[in-house]
Each structure stands twice: as C-alpha cells, then as structure tokens.
Amino acid sequence: MTSNSRRSVLKGAAAIAGASALGLPMIARAQSDKIKIGHLTPLTGFLGALGEYAVMGLRIAEEEINKAGGIMGRQLEVMSEDSVNPATAATKAQRMLERDGAVVLMGEISSASALTISQVAARNSRLFMSIGARSDVLRGKNCNKYTFHVDIPNTVMVNAVGKALLRDNLVRGKKFFSLTADYVFGHDLLRAAKAFFAANQGNLIGDELVATDVTDFSPYLVKVRQANPDVVCSNLAGNQVTNLIKQYAEFGLPYPIVGFNLNTADAWAAGEGNLSGTWPTVWHHDIDTPGSKAFVSTFTKKHGKPPENHAWIEYVSLKMMAQAMSETRSTDSATLIAHFEKQAEFDILKARKGWFRAWDHQLMQEAYPFSVKPRGQARDKWDFLALGAAVPGAGESLEILAPTREQNPCTM
Amino acid sequence: MFLLEQVVNGLVLGGYYLLIALGLSLIFSVGGVVNLAHGAFYALGAYASVEIAKHLGFGSAVILSPVAVAMLGILFERFILRRFYTADPILSLLVTFGLAMVAEQSIRVIWGAAPLSASMPDALRGPVILGNFLFSRYRLTLLAIVAVVLLGVWLLLHKTSFGRVVRAGIQRPDMVAALGIRLQPYMTTIVMLGVGMAALGGALFAPITGVHPAMGAEIITVAFVVVVIGGLGSFWGVVLAALLVGVVRGVTIHYVAAAGEASIYILMFLVLLFRPRGLLGERIEKFE
C-alpha cells in the first residue's frame, strides 16, 4: 500500500468519524422531549460583564422551572451562546432555529445584535423575546410582529432620570454637554435626550461621539472643560460608562454629571467614591418586594454577590416565557404572541405587575432613578447606590413615561 | 489655546502608551518575536495589583505586581518564547496569540467577566490646573514614574556592558555569538523587563480604566501601532512614536471626536508609506 492511498484511507476514516460525531447527536436530539429555547447574549466585548450576569440569572430561572416539573411536564433546555457581534448573532440565531431545534429565541443586551436577531425571527416567523436591549428604534421604526421587548426603552430611561432632574431644577435654562456611544444604542439615546431637553428648555451645547472601544477619556474631558457646561450628560454604554466615571472623578471636573444609562455592574466597577449624579435603572437588588428579596437571596447564595439588573431581567423573562407556554399549553410562536398581545399580566418581582403593550410589544413596568449614598454609609461594595422611588408613581398609569402612539412609529 | 491643551494632554497619554510599547519593541528587536501576549501581562499586572492592594495598599501593589509578573515572564521566556527565536515568524505569532487568548479566558474563569473596581489613593485624586491647562494629579504622578523607568532603561541599554551586548545582539547576533557570548540570558532579562513594564502599566492604569478580562487585547493593538511607527531597534523611535500617537489622537478628538480611535491607524499607514522602517527605525539585517 502506498503512503498516498494510506493517507486517503485515513482521511476517509476521519470523515466518517466526523460525520457520525456531528450527525448522530442531531438525530438523538430531534427525538428528545425537551422544550428548547435559543438564547444569545454578549459574553465578550464591552457588554460581556453584563452578559455574564444575564446568564447567571437565566440559569437560576431554568433550574427553578425544571425543579418545579418543567412546562407541561416537559423539561426546559436553554441553549445559551455568546452573540459576539450583530452578524454572528444573526447566524447563530438562524442555526438555533433551523438545526438545534429551538422553539423560540430570547436574550441580548446589545441593541445592534437584537436588531439582527429580530430580523431572523421575523423571517422564520418565530417569537424573539428581546430582553436587555433598550434602543427606541427596536420597538419603534424597526418593530415587528415576532419581537417582544422586556427592558425599558431609552425614552423611559431619559424620562425616569429627567423627572428627578426637573425636581432638582437641573434642566430649564441649563447648558448640557453630552458624550454618546457611537452605535445604534447611543445615537438612539441621544435622540431621546434631545427630545427631553427640547421639551423642558434644556440647552444642549455640545455632543461628542465616543467609539465603543475607547478606554481613555482624557481628550473628551479636556473638551468638556473647554465648553464649560452646567451639567455633563452620559449617553454611553457598558464599560464606557465605568471608564468615564472613573476618569471624571480622577480629573475632578466641577460640573454635576448625570446619565441616561448605567447598569449596576458598571456602577459597581466604577466603585464608591468615583460615582456621582443621577442615573436610571430598571431594577435594583434593594427593591422591597417579597419576590425580589427571594431572588436576591437565591442568587447571592449561589454566586456570593448580589444580582445585577441584567440577572433579574433574564430571570423574569424566562419565567414569563414559561408561564405563557404553560398557560397556552403550547410552544407555538403564533399562539404565544397572541397570548402576550392579550396583555396578560406577569409578576416581575416589582410592586406592580408588568404586561406587554399590544401595539408595540413593549413591557410596561416601573423604572427607578438612583443616586449615590453619602460616603461611609455603604454596608459593602455593592451597597453604595441609593435607589429612588419607582416611576411612574403608585397612582399613575404605567404608560406615562413610555413613548406614545404619536411618538412611536411602530406599525406591524 | 484649546488645541495646545489637547497636545499637552496627548503627551501625557503617550507616556502611558510608552510603558507598554517599549517592552514590546525590545522583545521584538532582540528576539525577532512579536509578542502578542504582551497585553496579557498588562492585564495580569492590573489584576495582581488589585489583589495586592486589598492587603498591602496601593503603593505596594504598584511595586509588587510588576515584580510578580516579571517572574512569570522568566518562565514565559524560558519555556515558550525561547523555542521560536529562529523559527518562522508565523509560529511565534500563533503561539503568542494563542497564549493571549488562554490568558484572557483564564482571567475570566478566575475573576469573572465583571470588571473589578480599583481605586487610587485619595491624595492623588483631583485636578491640577497649570497655566489654565487641566491635568489630573494622578496622571502627572504616572508620568513621573514613566520618566524614571525610561531613564533607567536608557541607562541600562547605553551605559552598561549588559546594554552593549543587547544592542550588539539586535544588530549582529551571529557576531555576538562568534565572540563567545550567549545571548539567551540577556534575552531572558529583556523579556522580564518588558513584561514587568507592561504589568506596571496595568497596575498604574487599573484605577482609571476598567479592570476586565479583555483589557489586554485593547492595549496590545495600540502598543503594536506605536512600535511600528517608532521603528525597530530604536529607543527614541518608540518614545517619539508613543508621544506622537497620544497627540494625534487628542488633536483628532478635538476636531472630529468620532474619528479619534481611527486616527492612530491612519498615522501608522502614512508613516509606513513614507518610512517603511518607521520613524527612527534602523536597518536590521535579520529583518530585511
């Protein structure tokens, strides 16, 4: 036997081995009785830290659902992967539906990736629950029948902080200078901020776009000082906010800083003594409801630290999905969409229940402004944020902060 | 006036790039290896400093963390890098790139993906206004440390017999060998030094940027650009390039903020177009 033919024999053997490794589990999988959900979230890059919390929260919900007997007696299996970037996210989403047997898609934090996944969902007529993406355009111009949005949209974040700023007389006639993340989310947030300033006689005197991989903010801070504003305003995302806050404290600029987006993990990373100002959040571990307390306790026991808002939102999202499947006794996307569109109410561990608004698929829920506790009052390194009262207030409609039909160009 | 302030700020920033790029350049010049794992040592320096600062305070962390990482650098040179000095460059690129990924994932496994918080001593916090220019007190301190390190490295390379051998080794390794001098112990020291400087950069920058797993990947690109612009084998080339990159970025942000990060690559492109060996790069036979 010549070495050449031996090589081809080996190649053939390898090919067969490879094919069986790939092929057999697929057949086995197709026969399994589990309900499979495809989940994508950024685990690397500037949103990676948030994605890690997201998966932690998701897994706790999955365990609890399965321990309680699953859905219609079937166990739940959530396949979770790093979405990496918008293009990869779309490819993975398509593969999860086509090959891995996912019945619905969930996840995301990046608005750019959520957009591409929502297009995949629409093409395949499958439900996508977009959990942590906040751009208005996702539930506005780019909305579709198959996508539901759990996190609060940018307009709500701006209005939640805006209410606190109006109360403190920090808007009317004041000069604002903003720093904006240079991708769809930041642009969208800036648009919402501009609308707020225009409506309340705030004066935006400068705005700088900041690439998502910027770590050194010193040239921007020099520009801020040269512009001499009354208030500095952050429309940044992920790691960017942490770096800005740290360097803002480092340079000791005298202007108050406010921001329309800050996740608790990024605030924790900035650390006590660096953070100041008023910021919005969708949830915080100090929220005083039995549901939130139980979740915080389970999470802390498991991971040795309190959950972040993305851990909470993934937890309640999977619970909502499971509840919808149980109540409709179906995993069919059309049935589930109809159920959510009936504005069914869900316990989201807050004082008030949440429901998806039928015409733009946005979850209606409370939001909260937060600021920073005076130094020395924090019990531990996760405790330096002072949570404000829920907005809208107890007597108000949940819809007052959300974009109205006139403002939101969503048509399905 | 406003522009001048950006130039001055850029010079300060350049000092920090220098800390990372100088080691990268030295390892490249002497060993002929592009150490893509250099950023990993920067990240390790930052993580180690956070751990040490918890027990011994910030000052000790800034000294001990680079020393610890430099020790790691000895192992890195002795067991990995050494095998690739004479090999095809693609092999060393692959192995150091792989190492960088292994290091990043290891950090993620040990410390988690969530960024750690590191704080600076209160005494170093706050602004310094000099002639109406804004400086951060912390960065001025950082710049002073960089200047001391730089002076030390320059003296080591130009005023000691160690430095003479290293410089000769860059130009004519065969001749050095013919004179009966083994370059390997020198290379170990160079890697230790370079890696230690990267770790010092990590420790110093931990309080002002996020300490997170991908921080090494973020810095390696800029450091590499600085090395390419400065040119191989030239101490002052790296210094000049680091300052230039800091200034160009600052000035670009002054005019078109969104193009700030792109500007340094455009600068590299232009330099390579007109001076393929970099600004002050020497003609080195083994790389021609």
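Student: Where is the place of Val227(B)?

Tutor: Val227(B) sits in helix α9 (residues 215-230) of chain B. Helices (H or I, at least four residues) and strands (E, at least two) are DSSP runs, numbered from the N terminus. This is a predicted model, in which local features need pLDDT of at least 70 and side-chain atom pairs count only at pLDDT 80 or more, while totals for chains, interfaces and linings use all residues. Residues are numbered from 1 along each chain as its sequence is written, and chains are lettered from A and ligands numbered from 1 in the order in which they are written.

Student: Does Val227(B) count as buried or exposed?

Tutor: Val227(B) counts as buried, with 28 C-beta neighbours inside 10 Å. A residue is buried if 20 or more other C-beta atoms lie within 10 Å of its own, exposed if 12 or fewer, and partly exposed in between, with C-beta atoms placed from the backbone.

Student: Leaving aside neighbours within four places in sequence, which residues is Val227(B) in contact with?

Tutor: With those set aside, the contacts of Val227(B) are Ala21(B), Leu24(B), Ser25(B), Phe28(B) and Val238(B). Two residues are in contact if their C-beta atoms, placed from the backbone, lie within 7 Å.

Student: And Met215(B), where is that?

Tutor: Met215(B) is also placed in helix α9 of chain B. Met215(B) is buried, with 26 other C-beta atoms within 10 Å. Leaving aside neighbours within four places in sequence, Met215(B) is in contact with Ala43(B), Ala46(B), Thr209(B) and Gly210(B).

Student: What about Phe84(B), where is it found?

Tutor: Phe84(B) is in the loop between α3 (58-79) and α4 (89-111) of chain B. With 19 C-beta neighbours inside 10 Å, Phe84(B) counts as partly exposed. Not counting residues up to four places away in sequence, Phe84(B) touches Val33(B), Leu91(B), Ser92(B) and Val95(B).

Student: Switching to the interface. How many residues of chain A are in contact with chain B?

Tutor: 37 residues of chain A are in contact with 33 residues of chain B.

Student: Which elements give two or more residues to that side of chain A?

Tutor: They are α2, β7 (203-210), α8 (218-227), α9 (239-251) and α10 (264-270) of chain A. The largest share comes from α9(A), with eight residues.

Student: How do the residues on that side divide into nonpolar, polar and charged?

Tutor: There are 15 nonpolar, 13 polar and nine charged. Ala, Val, Leu, Ile, Met, Phe, Trp, Tyr, Cys and Pro count as nonpolar, Asp, Glu, Lys and Arg as charged, and the others, Gly among them, as polar.

Student: You listed α2. How many of the 20 residues of α2(A) are buried?

Tutor: 15 of the 20 are buried, so α2(A) is largely enclosed by the rest of the structure. The end C-alpha atoms of α2(A) are 29 Å apart, which agrees with the 28 Å that its 20 residues should span at 1.5 Å a residue. That expected span is 1.5 Å times one less than the number of residues. Gly69(A), which follows α2(A), has a positive phi near 105°.

Student: In which sense do β1 and β2 of chain A pair?

Tutor: Strand β1 (residues 35-41) and strand β2 (residues 76-82) of chain A pair in the parallel sense, over seven bridges. Pairing requires that DSSP finds at least two bridges between the strands. From β1(A) the chain crosses through helix α2 (residues 48-67) of chain A to β2(A), in a right-handed β-α-β crossover. Right-handed here means that, with the strands pointing away from the viewer, the path from the first strand over the helix to the second runs clockwise.

Student: Next, α13. Which residues of helix α13 of chain A are buried?

Tutor: In α13 (residues 333-341) of chain A, the buried ones are Leu336(A), Ile337(A) and Phe340(A). Seen down the axis of α13(A), they fall within an arc of 100°, so they line one face of the helix. The arc is that of the directions from the helix axis to the C-beta atoms. These buried residues pack against β5 (147-149), α12 (309-328) and β12 (354-356) of chain A.

Student: What phi does Gln343(A) have?

Tutor: Gln343(A) has a positive phi of about 60° although it is not a glycine. Gln343(A) lies in the loop between α13 and β11 (345-346) of chain A, and is exposed, with 11 other C-beta atoms within 10 Å.

Student: Last one. Which residues does a cis peptide bond join?

Tutor: Val391(A) and Pro392(A), with omega about -10°. Pro392(A) is in the segment after β15 (385-387) of chain A.
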